[in-house]
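Visitor: I have a model open and would like to learn how to read it. Could you walk me through it?

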Amino acid sequence: MRSADRPLSPHLQVYRWQLTSVLSILHRATGVWLSAGAILLVWWLVAAASGPEAYDGVEDFLGSWIGLLLLFGWTVALFYHLCNGIRHLVWDTGHALDLKNTYIGGWTVVAATAVLTLAAWVAGISRWVS
Amino acid sequence: MRSPLGRAIGLGSAKEGVEHWLAQRITAIALLPLSLWFVSAVISLVGADLETVQNWVSQPLAAILLVLLLIAMFYHLALGIQVVIEDYVHTELARLGLVVVVRLLSFGFAVAGIFAVLSIAFGSMN
């Protein structure tokens with residue numbers, strides 16, 4: 001077998017889906033998605049510096065259904081990447097690397113992401129309504 | 001594990017990998033408070049008009065934190081995207097080219113964002 005034909009790891013199609021690998025993939029995916037959000041942040045700031053016409057464009061986009069959906073996606077991604085990032089920082093100190101704590105930490109991240117996203121949107125919507 | 005000759009002429013790792021790793025962690029730690037502050041600020045700005053947003057950006061604390069956020073964010077994402085590229089792009093030239101493009105774009109967007117914050121804060125455009 002030539003070296004190029006050798007099976008490579010990780011072999012995603014034969015592995016059973018599990019929390020640890022899904023969260024790992026999500027950390028990278030949300031990171032890439034948040035990078036696009038960083039460009040939106042710059043667009044917003046540059047528009048705010050440029051004046052009413054440019055700013056109206058950003059507002060129209062973010063206020064649309066697609067814009068709100070994307071904003072919701074960015075909120076989920078930010079809180080997830082932030083919480084799971086803390087999990088990574090804990091691992092970097094050499095702690096919680098065993099299987100049990102990996103799962104406890106993983107589910108904690110999922111729960112914290114849900115709670116923080118919900119709290120942020122409840123706060124935002126209640127501000128919008130008032 | 002290394003041969004005496006290899007040790008003597010210093011070949012092996014480029015001895016720079018740890019800086020990338022460390023910078024990613026330091027920017028991550030900086031982004032924890034900065035991003036939480038930013039989310040709370042955006043929530044407080046829901047429904048605000050342009051003038052309110054400009055007044056908010058003009059506050060010294062908000063302007064400083066926004067600049068810090070932009071620096072930490074674009075530094076962190078350049079490092080992160082670089083790792084993604086290095087994992088999936090196996091042609092050396094394409095990999096190198098993409099990493100350079102990501103570095104340049106990150107730097108450019110960061111400068112654009114910082115300039116926007118400063119121009120609002122110092123009122124040069126209003």
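Guide: Gladly! Let us begin with contacts: two residues are in contact if their C-beta atoms, placed from the backbone, lie within 7 Å. Keep in mind that this is a predicted model.

Visitor: How many residues of chain B are in contact with chain A?

Guide: On chain B, 26 residues are in contact with 24 residues of chain A. Helix 2 (17-44), helix 3 (50-58), helix 4 (60-88) and helix 5 (92-121) of chain B each give two or more residues to this side. The largest share, seven residues, comes from helix 5 of chain B. By type, the side of chain B that touches chain A has 19 nonpolar residues, six polar and one charged.

Visitor: Which residues touch the most other members of the largest nonpolar core?

Guide: In soluble globular proteins, nonpolar side chains tend to be buried together. Here the largest nonpolar core holds 37 residues, and Ala38(A), Leu45(A), Ala48(A), Met73(B) and Phe74(B) touch the most other members. At least two residues each come from helix 1 (19-50) and helix 3 (65-92) of chain A, and from helix 2, helix 4 and helix 5 of chain B. Leaving aside neighbours within four places in sequence, Phe74(B) is in contact with Ala38(A), as well as Ser106(B), Phe109(B) and Ala110(B).

Visitor: What covers the buried residues of helix 4 of chain A?

Guide: The buried residues of this helix are Gly105(A), Val109(A), Thr113(A), Ala120(A) and Gly124(A). Their cover includes helix 1 and helix 3 of chain A, together with helix 2 of chain B.

Visitor: What span should helix 4 of chain A have?

Guide: With 31 residues (99-129) at 1.5 Å a residue, helix 4 of chain A should span 45 Å, and its end C-alpha atoms are 45 Å apart, which agrees.

Methods
Residues are numbered from 1 along each chain as its sequence is written. Chains are lettered from A and ligands numbered from 1 in the order in which they are written. This is a predicted model: local features need pLDDT of at least 70, side-chain atom pairs count only at pLDDT 80 or more; totals for chains, interfaces and linings use all residues. Helices (H or I, at least four residues) and strands (E, at least two) are DSSP runs, numbered from the N terminus. Ala, Val, Leu, Ile, Met, Phe, Trp, Tyr, Cys and Pro count as nonpolar, Asp, Glu, Lys and Arg as charged, and the others, Gly among them, as polar. A nonpolar core is a set of buried Ala, Val, Leu, Ile, Met, Phe, Trp, Tyr and Cys residues joined through C-beta atoms within 7 Å. A residue is buried if 20 or more other C-beta atoms lie within 10 Å of its own, exposed if 12 or fewer, and partly exposed in between; C-beta atoms are placed from the backbone. The expected span of a helix is 1.5 Å times one less than its number of residues.
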